[in-house]
Amino acid sequence: SDGVGVVDRNGEFLLHNPAAKAILGISEDKGGADNWQSHYGIFAADGFTPYPSDELPLVRALAGESTEQVEMVIRNASHPDGITITVSGRPLHTASGQRGAVAVFHDITARKAVKAQLAAVADALRVARDDVAAQKVYFDQILDTIGISVVACDNTGTIVRANRAAHPAFRVVRSTGEPVTVVVSEKGWLRAMK
């Protein structure tokens, strides 16, 4: 699934594996670094700015510089909406018998789409959390302004909220987490109710 491209010292392709041709969407290779941007439709990560030829990972590798997962967009007739790839370039070792460079690239379009969706969900959750927090503050303010004792318990009978009017009656000072039966029995209300 990894695309691999190997060029000689003049930028002529020695190898473009089938995965590379599928990812690039162009079956015929075109030599010469000056031709690559327009031939393959190579753009910066924004998808619109033509990628500078002298900064392409293979060109940098030909100059002896290694690059790691450089992000770029391929947009051409086969990929009219564009796909996002990462390219890692390495110079060929002189032990290989000739000077040149190799590039390995991955299609990360789906991964970027999922990442964008997760970011959107995270933003929506932050907004929802902030809304719930604001509603809780508002609800607490309303409960504290009424003169009737209000004690809320969860399904286990543990007090989760007591308004200001309930504090003298239940002897609670905004503490939660106690079972309502303990608070009521300490007041002797359970005996009185029998």
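Author: Glutamate 68 and arginine 90 join their side chains in a salt bridge, with an N to O distance of 2.4 Å; the term requires a side-chain nitrogen of Lys or Arg within 4 Å of a carboxyl oxygen of Asp or Glu. This pair links distant parts of the chain, 22 residues apart: glutamate 68 lies in the loop between helix H3 (57–62) and strand S4 (70–74), and arginine 90 belongs to strand S5 (residues 83–91). Helices (H or I, at least four residues) and strands (E, at least two) are DSSP runs, numbered from the N terminus. Arginine 90 counts as partly exposed, because its relative accessibility is 32%; buried means under 20% relative accessible area, exposed over 50%, and partly exposed in between (1.4 Å probe, protein chains only). In general, side chains of opposite charge can pair when their charged atoms come close.

The model is predicted: local features need pLDDT of at least 70, side-chain atom pairs count only at pLDDT 80 or more, and totals for chains, interfaces and linings use all residues. Residues are numbered from 1 along each chain as its sequence is written, and side-chain values use heavy atoms, with hydrogens and water left out.

S5 belongs to an open sheet of six strands in the order S2-S1-S6-S5-S4-S3, with antiparallel pairing. The edge strands of this sheet, each pairing on one side only, are strand S2 (13–16) and strand S3 (42–43). Two strands are said to pair if DSSP finds at least two bridges between them. S4 and S5 run antiparallel and are joined by five bridges; valine 70 has valine 87 in S5 as its bridge partner. With strand S6 (residues 100–107), S5 pairs in the antiparallel sense over seven bridges. Serine 88 has its bridge partner in S6, namely valine 104, and proline 91 stands opposite alanine 101 in S6.

The loop between H3 and S4 also holds alanine 63. This alanine is exposed, because its relative accessible area is 70%. The C-alpha atoms of alanine 63 and proline 91 are separated by 7.6 Å, although the two residues are 28 apart along the chain.

A further charged pair is formed by arginine 60 and glutamate 65, whose side chains meet in a salt bridge of 2.7 Å, N to O. Arginine 60 is partly exposed, with a relative accessible area of 24%, and glutamate 65 is also partly exposed, at 36% relative accessibility.

For context, the structure holds nine salt bridges. One of them joins the side chains of aspartate 123 and arginine 126 at 2.2 Å, N to O. Both residues lie in helix H4, three residues apart, which is about one turn of the helix. Aspartate 123 is partly exposed at 41% relative accessibility, and arginine 126 is partly exposed with a relative accessible area of 39%. Elsewhere, a network of salt bridges links Lys136, Asp140, Asp144, Arg161 and Arg164.

Cysteine 153 has isoleucine 159 in S8 as its bridge partner. Five residues lie between the strands of this hairpin, in which glycine 157 takes a positive phi near 85°. Isoleucine 148 is placed in the loop between helix H4 (109–145) and strand S7 (151–153) and is exposed, with a relative accessible area of 60%.

Confidence remains to be stated. The chain averages a pLDDT of 86, and 90% of the residues score at least 70; pLDDT is the predictor's confidence in each residue, from 0 to 100. Confidence in the chain is highest in S3, at 96, and lowest in helix H7 (residues 189–193), at a mean of 46. Over residues 190–194 the pLDDT is below 50, and this stretch has three contacts in the model beyond near neighbours in sequence, a contact being heavy atoms within 4.5 Å.
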